[in-house]
Amino acid sequence: MNPNESHKRLLAAQALLMEPTTTREKFSHVCTLLKGTHPKIDELVVHCEKALSTIGKIEQGDVIGLSADHLPENTEEEKKRKKALLLFINSWRNLKSEVARVQAETEQRINTEHEDMLAGLLRFANGVVGVLDINWL
């Protein structure tokens, strides 16, 4: 990387870091500016990203995911166990979101069908309703 470009990126990142507050979006931009400027900075950025990820999981109440992330990986068996657990957790989340999506889609379809049926009944009203409508005209 060009030293001049690296210096500009460092100054921009420092300006963002010196502000009194920050957001996740701002942190993401700072990381983009800083990555690749210096090995020690890259190491610290990765450390901060992991910490922010942990905070996010705590805020969301994702105790299972947080616990799974911190399982040991000393042996091949532990690595396989952790990988299987994380795969299950992700699959479970995908299943829950898909069920919610299909449920919302089904409810929308049912509501539309009920509205269409009601509109059809009112459009072709016969019997007492039809007689009353004719008599009132």
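# A guided tour of a helical chain

Begin by selecting helix H1 (residues 3-17) and helix H2 (residues 24-34), whose axes come within 9 Å and cross at roughly 160°. Here an axis is a line fitted to C-alpha atoms, for helices over the stretch in contact, and angles run from 0 to 180 degrees between N-to-C directions. H1 and H2 are therefore roughly antiparallel to each other, a term used for angles over 145 degrees. The crossing of H1 past H2 is left-handed; that is, the near helix is turned anticlockwise from the far one by less than a right angle.

The model is a predicted one, in which local features need pLDDT of at least 70 and side-chain atom pairs count only at pLDDT 80 or more, while totals for chains, interfaces and linings use all residues. Residues are numbered from 1 along each chain as its sequence is written, and side-chain values use heavy atoms, with hydrogens and water left out.

**The whole chain**

Helices (H or I, at least four residues) and strands (E, at least two) are DSSP runs, numbered from the N terminus. Of the 137 residues in the chain, 13% are buried. Buried means under 20% relative accessible area, exposed means over 50%, and partly exposed lies in between (1.4 Å probe, protein chains only).

**Salt bridges**

Side chains of opposite charge can pair when their charged atoms come close. A salt bridge is a side-chain nitrogen of Lys or Arg within 4 Å of a carboxyl oxygen of Asp or Glu. By this rule the count comes to eleven salt bridges.

Arg9 is buried, as its relative accessible area is 18%, whereas Glu5 is partly exposed at 42%.

Next, select Arg24 and Glu59, which meet in a salt bridge of 2.6 Å, N to O. This pair links distant parts of the chain, with Arg24 in helix H2 and Glu59 in helix H3 (residues 39-60), 35 residues apart. Arg24 has a relative accessible area of 41% and is therefore partly exposed; Glu59, at 57%, is exposed.

Which residues are linked in a network of salt bridges? Select Glu98, Arg101, Glu105 and Arg109 to see them.

**The loop between H4 and H5**

Move to the loop between H4 and H5, where Glu73 is placed. The side chain of Glu73 meets that of Lys82 in a salt bridge (2.7 Å, N to O). Is Lys82 buried or exposed? Lys82 counts as buried because its relative accessibility is 9%, while Glu73 is partly exposed at 42%. Select Lys83 as well: Glu73 and Lys83 are ten residues apart in sequence, and their C-alpha atoms are 9.7 Å apart in space.

Leu71 is also found in the loop between helix H4 (63-69) and helix H5 (76-123). Its relative accessibility of 31% makes Leu71 partly exposed.

**A nonpolar patch**

Finally, select Leu71 together with Leu85, Phe88, Trp92, Leu95 and Val99, which make a nonpolar surface patch of about 560 Å². Patches are made of residues with over 30% relative accessible area and no salt bridge; nonpolar side chains (Val, Leu, Ile, Met, Phe, Trp, Tyr) are joined within 5 Å, and like charges within 9 Å. Accessible areas come from the Shrake-Rupley method with a 1.4 Å probe, and for residues only the protein chains shown count as cover.

Conventions: Angles under 35 degrees count as roughly parallel, over 145 as roughly antiparallel, 65 to 115 as roughly perpendicular and the rest as oblique.
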